[in-house]
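Here is a short briefing to read alongside the model. Take a look at the fold, then follow the notes below.

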Amino acid sequence: MLKLFYITNNPQIAKIAENSGVDRIFVDMEYIGKELRQPKGMDTVKNHHTIEDVKNIKSAVTKAEVLVRVNPIHEGSKDEIEQTVNAGADVIMLPYWKTPSEVSEFIKYVGGRAKTILLLETDEAAKCVDEVINNGGFDEIYIGLNDLKISQGKKFLFELVCDGTVDELVAKFKAANLTFGFGGVGRVGTEDLLPAENVLAEHYRLGSSMVILSRAFCDTAKTTDLTEIETAFKEGVKNNKDFERMLAEQNEKYFADKHKETAQIIKRIVSE
């Protein structure tokens, strides 16, 4: 089963997600540079969660891990990471890194007091990932398709799943026995641009271990009723996991055929 992440700073929603089978509650403190690299008009979310949010989420959950995305390395990184550790983060994510030295600095600041996960979302990171992997010292790695898509001048984030970009990176992760994930996924059985069924099949084809539940899974900016949110989570997680159980029984031909289908859907999305 894939390890599931959900982004929220609402303790009530965090508890609902945890009770529904979400493994990590994702507190997103990253804001530096996002306005510049994600232009207005793009359908992206720019969170600005705080240390207080980390503390509140940590107090609300009992089983799920608290994952915190800090800012890219900047002059205040040491203090920010120190506060994040002290607030109770179980896992700390470094976004938008471009050099091995930034990764090393991040690892040094965390100092083994929490798990570390690198968010690979720049073309520069992709080009130096061999050195980063060789240096080691981190626990997991995640491919951020949206910013990587922007970095490479692509139109649709899942193009990277079918143009060889993700496959090439994943081959390197597997060779180093790294735990990895990529992108986001909605709910099985709903009408998304790229159906959740296809996204989950790609995770199983590639051997991924984790995925972020996207806004398409449960958009709490649009749905504010906690009963409706709880129903969405319970049904959504169950349906996704049932589909995963089916995927676990499939052979290579199934995944090859599904990959071709996914590529055709993506080609149509890009052309439109």
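**Buried charges and the barrel around them**

At 0% relative accessibility, Arg24 counts as buried. Its salt-bridge partner is Glu65, with the closest N and O atoms 2.8 Å apart, and Glu65 is buried too, at 18% relative accessible area. Please keep in mind that this is a predicted model.

**The barrel**
- Eight strands, paired in parallel, close into a barrel in the order S1-S2-S3-S4-S5-S6-S7-S8.
- From one strand to the next, the twist averages 25°.
- Strands S6 (residues 140-143) and S7 (residues 179-185) run parallel and are joined by four bridges; Ile141 has Phe180 in S7 as its bridge partner.
- Helix H9 (residues 165-175) lies across S5 (115-120), S6 and S7, and runs at about 175° to S6.

- Asp28 forms a salt bridge with Arg69, whose closest N and O atoms are 2.8 Å apart; here Asp28 sits in strand S2 and Arg69 in strand S3, 41 residues apart.
- Both Asp28 and Arg69 are buried.

**Other salt bridges**
- The structure holds 21 salt bridges.
- Lys154 and Asp163 meet through their side chains at 2.4 Å, N to O; Lys154 is partly exposed, at 29% relative accessible area, and Asp163 is partly exposed, at 37%.
- Salt bridges with shared partners join Arg24, Glu65, Lys115 and Glu140 into one network.

Terms used:
Residues numbered from 1 in each chain as written. Predicted model: local features only at pLDDT ≥ 70, side-chain atom pairs only at ≥ 80, totals over all residues. Heavy atoms only, no water. Pairing = 2+ DSSP bridges. Helix = DSSP H or I, 4+ residues; strand = E, 2+ residues; numbered from the N terminus. Axes fitted to C-alpha atoms, helices over the stretch in contact; angles between N-to-C directions. Contact = heavy atoms within 4.5 Å. Salt bridge = Lys/Arg side-chain N within 4 Å of Asp/Glu carboxyl O. Buried < 20%, exposed > 50% of the residue type's maximum accessible area, 1.4 Å probe, protein only.
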